[in-house]
Amino acid sequence: MARVTDEKPVPVGLSTASVWPLKAGTAFELAAELGYDGVEVMVWADPVSQDVSALRRWSRRTGVPVLSVHSPSLLITQRIWSPDPVVRLRMSVEAAAELGARTVVVHPPFRWQRRYGDAFGDLVDELEESSGIEIAVENMFKVRPPGGSKNSRVSAFRPSIDPTDVGFRHYTLDLSHTAAARMDALALAQRMGEGLSHVHLADGTGLPKDEHLVPGRGGQPCAEILEKLVSGGFAGQIVLEINTRHAGTGAQRVRDLAEALLFARFHLGQ
């Protein structure tokens, strides 16, 4: 895992996806109100998330920095910025540089993106070298195919859901994804080694879907991961990427986000 070079505490950020269906501006406001160290911008259908100038204004207005940018890698974001995944990743790196963010989070290529998949490793290396931005490839999970049996699961990613099968300079460890994949999160973190530079902190029960629960409400070793990171001198970023769309009220959303931040700070020894 990435190593500490000074005594600064590990920054804890809030993903703008954590306030969906509200807009990115709300994430900046809540991050400021609750004491998060910054935000991760999930680039998706929200027009503000696609607009670097608007994001910069929100950052200045609230005093909340952008820690990272999540490239539009989801199925539902395949035409945001460009239908070409190479262009989308390049634009994500450019956005991160303009916003002063350290990291771009990206998913592995889909299996049907053959040309992109063949060039993906070289593209990531090129963009990291030219920009100085860390491109942290995220672990994923298998899904049930259309018409498949209840227990059948396939990977939509090439070559697999585990980016360490290929090997990259930087990784994002997503604990909701490890839950959905029924993958050993501690073992995956160990395989990522010093390349582990970014964590999506959330929880899951082991159901084959992306739950993104508040940490501590599922079965993932969230506390143990954080404590091991600190003891190992982690110098990366922690981002809370939780699902609050079922929060009945705005007050409940705030309570969930506050609980998630408290969990992270407690187990990071902050």
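This is a predicted model: local features need pLDDT of at least 70, side-chain atom pairs count only at pLDDT 80 or more; totals for chains, interfaces and linings use all residues.
Arg182, at 69% relative accessibility, counts as exposed (over 50%, where under 20% would be buried and anything in between partly exposed, with a 1.4 Å probe and protein chains only). Arg182 also has a positive phi of about 50° although it is not a glycine, and it is found in the loop between helix H5 (175–181) and H6; helices here are DSSP runs of H or I with at least four residues, strands are runs of E with at least two, and both are numbered from the N terminus.

Residues are numbered from 1 along each chain as its sequence is written, and side-chain values use heavy atoms, with hydrogens and water left out.

Another positive phi in a residue other than glycine belongs to Trp81, near 75°; Trp81 lies in the loop between strand E3 (66–70) and helix H3 (85–99) and is partly exposed, with a relative accessible area of 24%.

Turning to the barrel, 8 strands close in the order E1-E2-E3-E4-E5-E6-E7-E8 with parallel pairing, where two strands pair if DSSP finds at least two bridges between them. Strand E5 (residues 134–138) and strand E6 (residues 170–174), for instance, pair in the parallel sense over 3 bridges, and Val137 stands opposite Tyr171 in E6. Helix H7 packs on the sheet, touching E6, E7 and strand E8 (237–240), contact being defined as heavy atoms within 4.5 Å.

How do H7 and H8 cross, left-handed or right-handed? The crossing is right-handed, meaning that the near helix is turned clockwise from the far one by less than a right angle, anticlockwise being left-handed. The contact is made by Cys222, Ala223, Leu226, Glu227 and Val230 of H7 together with Phe263, Ala264 and His267 of H8.

Finally, Thr244 is found in the loop between E8 and H8 and is buried, with a relative accessible area of 2%. Leaving aside neighbours within four places in sequence, Thr244 is in contact with Ser18, Val19, Trp20, Arg253, Asp256 and Leu257. Trp20, in turn, is joined to Pro21 by a cis peptide bond with omega of about 15°, and Pro21 has its place in the loop between strand E1 (12–15) and helix H1 (24–34). A cis peptide bond also joins Arg158 and Pro159, with omega of about 0°, and Pro159 sits in the loop between E5 and E6.

Conventions
Axes are lines fitted to C-alpha atoms, for helices over the stretch in contact, and angles run from 0 to 180 degrees between N-to-C directions.
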